[in-house]
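Let's walk through this structure together, one region at a time. Keep the sequence and the 3D view side by side as you read.

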Amino acid sequence: MQALVATDIRKAFGPLEVLRGISLKADKGDVIAIIGGSGSGKSTFLRCLNLLERPDAGSLWLNGLALDFGDGDRARTIAPATKAQLRRRLGMVFQSFNLWTHMTALDNVIAGPIHVLGQDRKAAREAGMELLGKVGLADKAAAHPAQLSGGQQQRVAIARALAMRPEALLFDEPTSALDPELVGEVLQVIKALAAEGRTMILVTHEMAFARDVATHVMYFLDGRVEEEGAPDRIFTDPRSERCRSFLRKFL
Ligand SMILES: Nc1ncnc2c1ncn2[C@@H]1O[C@H](COP(=O)(O)OP(=O)(O)OP(=O)(O)O)[C@@H](O)[C@H]1O
Ligand SMILES: [Mg+2]
């Protein structure tokens with residue numbers, strides 16, 4: 001069953017063409033790993049998927065919600081309500097956590113459910129505590145972000161994304177701001193989410209992890225998909241010389 005389809009997404013910043021027609025199809029439960037060098041357009045693509053950037057062209061489909069960006073047709077605006085709906089349905093986890101520093105871990109997790117989904121505070125707290133437990137942080141509910149390690153902050157950010165009950169999760173290098181010894185605990189949480197059958201798009205430089213959890217791998221080069229396929233094939237026998245030499249750096 002298809003969950004998320006992006007077709008021929010294009011985006012330029014002035015003269016710089018950052019996405020030159022990128023298409024992605026995720027079935028429910030797919031984990032799609034996006035790899036590629038710095039500046040290849042990985043973050044911009046994720047930001048286009050949840051409309052933090054407005055694509056110049058292409059279309060998007062999320063479980064029945066269809067958006068057509070036209071073809072360089074900037075006049076075709078996206079209604080704020082549609083944007084809000086899409087963002088609610090696609091959870092995003094950033095490299096830099098982006099937690100609210102003045103709020104406790106639990107309040108970070110329940111703010112969206114209360115203010116956006118309109119849940120009552122008691123139900124939101126119960127669900128929030130359960131999610132903090134799921135990411136191994138039940139004992140840190142009252143801590144503020146400054147009192148948490150980077151790995152703990154990122155796990156709160158994942159719980160916060162889950163609290164919105166998204167249909168798919170987008171991760172943009174969720175472990176690359178972490179000290180090496182904290183990477184594993186975050187990857188473990190993401191792996192558990194994959195095992196639950198969640199649909200996820202994951203930009204990562206953790207190649208062993210991508211090979212382990214992904215159902216499909218896309219290698220971006222200069223705003224295009226240079227190569228894509230099953231993880232075992234991409235990581236052992238890439239067809240593209242550029243993909244091969246990119247992967248060699250991680251050996
Ligand atoms: N808002 C913006 N305005 C102008 N140029 C931008 C903007 N956002 C991104 N770019 C440019 O678009 C290109 C792709 O950037 P992007 O952040 O998508 O790359 P990336 O693949 O995520 O790289 P990294 O691995 O370093 O995170 C880069 O050349 C970047 O400088
Ligand atoms: Mg990036």
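**Starting from the core**

Begin at I32, which touches L24, A26, I201, L202, A214, H216 and M218, leaving aside residues up to four places away in sequence. Touching, or contact, here means that the C-beta atoms of two residues, placed from the backbone, lie within 7 Å. What you are viewing is a predicted model, in which local features need pLDDT of at least 70, side-chain atom pairs count only at pLDDT 80 or more, and totals for chains, interfaces and linings use all residues. Residues are numbered from 1 along each chain as its sequence is written, while chains are lettered from A and ligands numbered from 1 in the order in which they are written.

I32 and I201 have the most contacts inside the largest nonpolar core, a group of 66 residues. Such a core is a set of buried Ala, Val, Leu, Ile, Met, Phe, Trp, Tyr and Cys residues joined through C-beta atoms within 7 Å. A residue is buried if 20 or more other C-beta atoms lie within 10 Å of its own, exposed if 12 or fewer, and partly exposed in between, with C-beta atoms placed from the backbone. Helix α5 gives the most to this core, with 7 residues. Helices (H or I, at least four residues) and strands (E, at least two) are DSSP runs, numbered from the N terminus.

Now turn to helix α6, residues 180–195. Its buried residues are V186, L187, V189, I190, L193 and A194. They sit on the same side of α6, because they cover an arc of only 155 degrees around the axis, the arc being that of the directions from the helix axis to the C-beta atoms. On the other side of α6, E181 and A195 are exposed. The buried residues pack against β3 (31–36), α5 (150–163), β7 (168–172), β8 (199–203) and α7 (207–213). Just after α6, G197 takes a positive phi of about 90 degrees.

Next, find ligand 1. Around ligand 1 are F13, L16, V18, G36, S38, G39, S40, G41, K42, S43 and T44, each with its C-beta atom, placed from the backbone, within 6 Å of the ligand. Both β2 (16–27) and α1 (42–49) supply at least two residues of this shell, and α1 gives the most, with 3 residues.

Finally, look at A111 in helix α3, residues 105–115. A111 is partly exposed, with 16 other C-beta atoms within 10 Å. The C-alpha atoms of A111 and A163 are separated by 9.2 Å, although the two are 52 residues apart along the chain.
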